[in-house]
Structures are given as structure tokens and as C-alpha cells.
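This briefing goes through a predicted model with two chains in view. Topics run from overall fold to single residues.

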Amino acid sequence: MTHFKLSPKQKAARVFSYLFMALCVLVALFPIVWVVLSSFKTNREILSNGLQLPSTFSFSGYKQALEMAPILKFFVNSLIVSFASTALNVFILAMAGYVFAKKKFRFKNLIFGILSLSMVIPSTALMSPVYTVITKLHLYDTKMALILVYTALNMPISLMILRSAFAAIPTELEEAAYIDGAGFFRTFWQVMMPCAKGGLASAAVLAFLGSWNEFTFALLLTSSTSTRTLPLSLSYFTSQFSFNYTAMFAAITIAVLPSIIVFSIFQEQVCSSLTAGSVKG
Amino acid sequence: MKQRNTGWIALFLAPTCIIFLLIFAIPLVMVFATSLFDYRLLPRTFEFIGFSNFIKLFTQDAKFLPVLKNTVVWIAIHCVLHVALGTVLAFILYKKPHGWKFVRVTYMIPNIISQSAIAMIFLNLYNAQYGALNSLLKAIGLEHLQHNWLFDTATAFPAVTMTWFIFAGYTTTLVLAQCLSTDESIIEAAKIDGATSFQIDRLVMFPLVKRMIGTTVIMAATYMLQMFSMIYITTGGGPGVSTANLPLYLYTTVKANNYGYANSIGVVIIIVGFITMTLINRLFGMNKED
């Protein structure tokens, strides 16, 4: 493009492009950078001028935040719930996806159609009965409740991704495994699963992100520190940290930073998973 | 071999079906069924009342119609303006200007961190006393424009809208991926034919990515129909119900132990979702196979 001389109109378009890009970067980064910088300021600095840079870099806000609220506990809860629900989700939906993609059986389309319903129902509409079901199962305020609900919430997208992942594997491969004497489960586990790695990774990334960030059902289904997750802990800070702004900013930073770091490392995988999820969903 | 497989197939489907039953199917039936009941705890009531809950919602409940309006307006804003914002950026980035990769990754960050964290950040940004927005207005001498953004009736709705409207990284990522996967020779051919870059965007690229834009519109509608945490954390729906939406209203009704009434709101959410999806599918011709 740079080989040609630019007309004034093209120049204007180029200036607009770069301005627009700069604005998007600013919009995305400014709020986070402001929070991180504020976490190093003293309470008085925060209150006197919201835009001033911190005079010294002190980590005392972080120390106070960790002392005042059980952030690490929430963090561990989030890790347990997210890992467990992701593993459960990907495992059981790989089984279902495999069967839907590769096997013929009665009522296949009917069952698939019914399961697909989960895609069109806004989960927020189900808040009250899900609460009832969880209470009836005696799972209220347990990690198991969240694991179960998150496995379900991430079901539609995983089902779509994994079904097409298994459908893309040539049937000859499966037949060869049968001829070699591998049974149903071994064919699935040792032959098909490795071939569906890409789809499994996409489904896992999306399920993990969904569980890690989920708020509504966590709020509805838990009540104690031993089960509450990181997204909830943040709203807990507002009351807890009412006048210690430094600690509050530090707490937000602690909650946000791991996601940003993990995303920066795995951004290619995350972006391709998102794309896979949308094409198949 | 066939007979042996039937057992395996059933076994492979069972876990998914059980979880579907527990978290989707049974609750879905319960939502529709109990929306016809006066169903509450304390005092324990379970009485069939026909469509009374719905009649009450639409004719007597002073909160419901404003809440429904907010929800619909937010869905419309998100589906049109938010997606347009993300699409414009995608159309800039696919030409691979300097730094396009950096912009793509950076703009995605707010979509990766949790909604509740973004909400907490904005709660502080908008703070009347020390928030960045008021501090900025003060610094450039526009003190008279300062507001208590989230708690002032005049500014609460737009202020809350901004907390999700400006972060269109998801749309950008998806539309950009679609743009980049199109055959470059098509673009080259159009260039040789003398098409300007704006013409290429409008006449060549846009039709190619139209369906993906349709997908992002559906995702935007779903996102807004499920929106809860950011409102709950920033304004709690206030002042009054000026920033409340259907899920938030449903949640407060559940917390008030009024389950039958809450589930009639759930039915409305499902219907609004169904109408929205049908409209979008029609508009983008998503059901046509090609």
C-alpha cells in the first residue's frame, strides 16, 4: 500500500484509522492502569487528586487487602470450581459429542434437538428453579453446586464444538481401531480423543473462562467464605473496605492481574477458541 | 456388535442428559408451570392463579414496564452500536496497519477479565469524590460538568451503559478472524479493478463477513439478556429502577421469596429472547443454508 502516493482522502482515512485504534487501546487500558496506579497511592493521595501519580510505590495496600479479606481463599475456591467444572464439562461432552458425531441410534435427532434447547434459553430466566433444584439436592452453598451449574451453563457451546471436532475425524480411523480389537471405550479414549485435541482445547478454554468469571449463579447459590468465588469477593470489598481505598484498589488488581497475565500468554489459543465457539455455535 | 454398542451409547449420553435435565429441563418446566401460581415461602403459599402474575406485571406493577424498556433499549444499543464499534475496528485491523496485533490483543483484555472486576473499576472511575472522570473534568476546568455519575438520575443510565458498550473486543476478534480468512486474491482483484479501499470494505468484505456479524449480533443480544453482575455491582438498578433490567428484577423478586412472580418474569425473559433471536435470524438470513 505504501508504494502508491496517497490521495488526501486516503490520508484522511489513514489518520482516522490510527486515531480509532489509539482510542480503542486507551479505552481498554486506561481503567486498568488507573486502578493499578491507584493501588500504590495513599488514601490521602487518592482523595486529593484522582489523577495524580503515586508519590511512592508502596505495597502496603496489598498487605492490608490480603489481611482484611480472605482473597486467597476466594482465589483457591475459584480455581477448584473452574478446574473441576471444566474437566467435568469437557469429559462428559466429549462422550456425548463423539456419540452424536459418529454413531447411529434411535431418537438421535430428537435428543440432540432437545439438548440444543439449552442454547436458546437465557440462563438468567432459570435463576429461581435452579436455586430450588440445588436446595432440594442439599447442595446449597457448596462448591459442588457451582461445579454442577457451570458444567451445565457451558454445555451448549462445548457440545457444538466437540460434536464437530469428532465429526471431522475420518471414520476409517475408528474402523481400523475396531478391527485391531479395541472396544468402544478404548477406541474413544485412545484413538478419537487424541485426534480431537484442538476441539477439546477450545471447549476447555471457553468453559474455564465462563466458570472463572461467572457471577450471577455464584451469588445466588453460595453464602459463605468457604464456597464463594473471586468475582463475588469483589463486591464484598465495597463494604469491607469502605474507607480504605488503597486496599480496595489493591484487591481489584489482585483479582484482575492473573487473568491478564494468563491471557497474554495464551492469547492465540484463547482467540482461536472464541472463533471456534462462534462458528460452531 | 450393534447391540453391544447401544449400552455404550446410552452410557456416553447419560451424564450430559442428567445434567441437562437437572439444570435446564426441570427448571424450564418449573419456570413455565409456577409462573401460573402464587408461589412463595413465608407464609408458604402455592395456589393456582392462572395468568394473574402476567396481568399484574403488565398492568399493576409500576416497576415492570420501565425495567422491560431498559432491557429492550440495552439489547438494541448492544446489537447495533456495540457491534458496529467492534466491526469498524475489525475493518481497520484486517488491512494490517502498524501495531494491529497489539491493538487486537489489548482491546480484548476487558472482555477477558470478569464482568464484576470491570464493574468494580467503573464504580471507582465514576466515584464523585476521587473518580478519574470527575478528576479529569476538574483538571481541564470543567468542574460544572461533574456528576455523581452512577447515582444521579440524569446520568445513571448512560453511565452504566458505557461500562459494557465500549468493550467490543469480542466482536472485533470474531469479525477480524473472518476477514483474515477470506481469500486475498478477491481483494487483490478488486484493487486491480480500481476499487478504493472503502469500496472494497463495503462491496467485497462486508458481504463476506455478514454472517459472522450476524453471529456477533446474536451474542450481543444474549449477553445483554443475561446482564446482571455489572448492574448489581455498580448501581443495583437505581436510582429507582432507572438502571434495572429483567434479570436484576427477577433476582430481587426471588430474594423477596416471591417465586411464582419471579418465574413469570423468567417467562418474559425467555419470550424476549425468542423474539430477538427470530428477528436477528431474519435480518441476517442466518437460517439459509449456503
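Read along the sequence, chain A follows the pattern α-α-α-α-α-α-α-α-α-α-α-α-α-α, that is, 14 helices and 0 strands. The radius of gyration of chain A is 24 Å, well over the 19 Å that the globule rule gives for 281 residues, so chain A is more spread out than a compact globule. All of this refers to a predicted model.

**Overall form of chain A**

- The C-alpha trace of chain A spans about 75 × 70 × 35 Å along its principal axes.
- Of the 281 residues in chain A, 45% are buried.
- Among contacts in chain A with a separation of 6 or more, 78% are between residues 24 or more positions apart.

**Domains of chain A**

- Domain 1 of chain A puts 10 residues into the contact, and domain 2 of chain A puts in 9 residues.
- On the side of domain 1 of chain A that touches domain 2 of chain A, the elements giving two or more residues are α1 (8-38) and α2 (43-48) of chain A.
- Of these, α1(A) gives the most, with 4 residues.
- By class, that side of domain 1 of chain A has 4 nonpolar, 5 polar and 1 charged residues.

**Interface between chains A and B**

- In the contact between the chains, 74 residues of chain B meet 69 residues of chain A.
- The element that gives the most to the chain B side is helix α1 (residues 2-34) of chain B, with 18 residues.
- The side of chain B that touches chain A has 52 nonpolar and 22 polar residues, and no charged residues.

**Nonpolar core**

- The largest nonpolar core has 168 residues, and those with the most contacts inside it are A:Val149, A:Ala251 and A:Ile252.
- Helix α14 (residues 245-280) of chain A supplies the largest share of this core, 14 residues.
- Apart from neighbours within four places in sequence, A:Val149 is in contact with A:Val130, A:Phe217, A:Leu221 and B:Ile23.

**Annotated spans in chain B**

- An unreviewed UniProt entry places the feature "transmembrane region" at residues 7-33, 72-93, 105-126, 156-177, 212-233 and 259-280 of chain B.
- In the model, residues 105-126 of chain B are 86% helix and 0% strand, with the end C-alpha atoms 26 Å apart.
- Residues 156-177 of chain B are also 86% helix and 0% strand, and here the end C-alpha atoms lie 35 Å apart.

**Backbone exceptions**

- Most residues other than glycine have a negative phi, and most peptide bonds are trans.
- A cis peptide bond joins B:Gly238 and B:Pro239, with omega about -10 degrees. B:Pro239 lies in the loop between α11 (229-234) and α12 (246-255) of chain B.
- A:Phe107 is not a glycine, yet its phi is positive, about 65 degrees. A:Phe107 sits in the loop between α4 (71-102) and α5 (108-120) of chain A.
- A:Phe107 is exposed, because it has 9 other C-beta atoms within 10 Å and the exposed class covers 12 or fewer.
- B:Asn257 is another residue that is not a glycine and has a positive phi of about 65 degrees. The loop between α12 and α13 (259-284) of chain B holds B:Asn257.
- B:Asn257 counts as partly exposed because it has 15 C-beta neighbours inside 10 Å.

**A buried leucine in chain A**

- A:Leu200 is part of helix α11 (residues 197-213) of chain A.
- A:Leu200 counts as buried because it has 22 C-beta neighbours inside 10 Å, where the cut-off is 20 or more.
- Leaving aside neighbours within four places in sequence, A:Leu200 is in contact with A:Val90 and A:Ala94.
- A:Leu93 lies 107 residues from A:Leu200 along the chain, and their C-alpha atoms are separated by 9.6 Å.

Methods. Residues are numbered from 1 along each chain as its sequence is written. Chains are lettered from A and ligands numbered from 1 in the order in which they are written. This is a predicted model: local features need pLDDT of at least 70, side-chain atom pairs count only at pLDDT 80 or more; totals for chains, interfaces and linings use all residues. Two residues are in contact if their C-beta atoms, placed from the backbone, lie within 7 Å. Ala, Val, Leu, Ile, Met, Phe, Trp, Tyr, Cys and Pro count as nonpolar, Asp, Glu, Lys and Arg as charged, and the others, Gly among them, as polar. UniProt positions are given in the numbering used here, feature names are shortened, and annotations may be inferred rather than shown by experiment. A nonpolar core is a set of buried Ala, Val, Leu, Ile, Met, Phe, Trp, Tyr and Cys residues joined through C-beta atoms within 7 Å. The radius of gyration is taken over C-alpha atoms; the globule rule is 2.2 Å times the number of residues to the power 0.38.
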